[in-house]
Amino acid sequence: MTTSHVHGERTVVEVETAGSVIEAGAGVAVIALAIIGLARGDNGFVTAIAAIVLGAALFAQGGAIAAQYSKLVDLISGGAIGAIELGGGMGSDIIAGAAVVVLGILGLIGFSPGILLASAVIAAGATLLLGSASIERLAMFRASAAGLSEMATKLTQATVASAVTAQVLTGCGAIVLGIIALAMPAHAIALTLIALLALGGSIMVTGAALTGRLMQFFER
């Protein structure tokens, strides 16, 4: 193995680790901000900050997937379909993360915070739905590349499937709450905070369990 190859492997692992740490930490921060907002009857300030942090977490998740994608793309045998799905999930996280950050900043400034922040959680929820398939496929590719035993592969599939299912349900819930918030402006901030609380929990679990511990377990 050449020095440049080793350096490239180390760089990928560093990006993956940084992305997972940022993602998990941001999830904890979103949860804390949402609880504070609900406790104090926030008028949009704390909610906007939570949305910005959530957008940064989604962006970090996209970066972590991108790092792993670059490492695995050559290992996907005949992998046009797999590569497209992984790349699509990666792109949706990055684009949606940037969009959520922008919406959060606009809400923080004061441009219709109820509408903008509700739209932000809808975008984040849709991203969790779109990204769930890519996370599951990515984990399976990593298991295959690592040459895990049949039992270990089945355990990985069960673990990833449960996490992805929770992510899908959270995404659907966030979308529904965001739509209700748009339809009920008087309760928009409270509903948005509840959605952010759920999204923060999902981001935290994904960052710690999937892009962190599981991916490190698959490192060779």
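Analyst: Let's start with one term: two residues are in contact when heavy atoms of theirs lie within 4.5 Å. The model we are looking at is predicted.

User: Which residues does Thr47 have as contacts, leaving aside neighbours within four places in sequence?

Analyst: Thr47, which sits in helix 2, is in contact with Asp42, Leu117, Ile189, Thr192, Leu193 and Leu196.

User: Why is Thr47 called buried?

Analyst: The cut-off for buried is under 20% relative accessible area. Thr47 has a relative accessible area of 0%, so the label buried applies to Thr47.

User: And what makes Thr170 count as buried?

Analyst: Thr170 has 17% relative accessibility. That value is under 20%, so Thr170 counts as buried. You will find Thr170 in helix 5.

User: How do you know that the side chain of Thr170 makes a polar contact with Ala166?

Analyst: The Thr170 side chain reaches the backbone oxygen of Ala166 at 2.8 Å. A polar contact needs N or O atoms within 3.5 Å, one able to donate a hydrogen and the other to accept it.

User: Why is Val121 called buried?

Analyst: Val121, a residue of helix 4, has 1% relative accessibility. Since 1% is under 20%, Val121 is buried. If we leave aside neighbours within four places in sequence, Val121 is in contact with Ala174, Gly178, Thr192, Ala195, Leu196 and Leu199.

User: How far apart are Val121 and Leu54, in sequence and in space?

Analyst: They are 67 residues apart along the sequence, and their C-alpha atoms are 9.1 Å apart in space.

User: What makes a group of residues a nonpolar core?

Analyst: The largest nonpolar core here has 26 residues, and Leu54, Leu58, Ala124, Leu196, Leu199 and Ile203 touch the most other members. Helices 1, 2, 3, 4 and 6 each supply at least two of its residues, and helix 2 gives the most, with seven. In soluble globular proteins, nonpolar side chains tend to be buried together.

User: What does Ile203 touch beyond four places in sequence?

Analyst: Ile203 touches Glu23, Gly27, Leu54, Ala57, Leu58, Gln61 and Leu128.

User: What is the secondary structure of the whole protein?

Analyst: There are six helices and zero strands, and the pattern along the sequence reads α-α-α-α-α-α. Of the 220 residues, 45% count as buried. Among contacts between residues at least 6 apart in sequence, 84% join residues at least 24 apart. The protein exposes about 10,000 Å², with carbon and sulfur atoms supplying 72% of it.

User: Where is the predictor's confidence lowest and highest among the helices?

Analyst: Helix 1 has the lowest confidence, with a mean pLDDT of 71, and helix 5 the highest, at 82. The protein averages 76, and 60% of the residues score at least 70.

Technical notes:
Residues are numbered from 1 along each chain as its sequence is written. This is a predicted model: local features need pLDDT of at least 70, side-chain atom pairs count only at pLDDT 80 or more; totals for chains, interfaces and linings use all residues. Side-chain values use heavy atoms; hydrogens and water are left out. pLDDT is the predictor's confidence in each residue, from 0 to 100. Helices (H or I, at least four residues) and strands (E, at least two) are DSSP runs, numbered from the N terminus. A nonpolar core is a set of buried Ala, Val, Leu, Ile, Met, Phe, Trp, Tyr and Cys residues joined through side-chain atoms within 4.5 Å. Buried means under 20% relative accessible area, exposed over 50%, partly exposed in between (1.4 Å probe, protein chains only). Accessible areas come from the Shrake-Rupley method with a 1.4 Å probe; for residues, only the protein chains shown count as cover.
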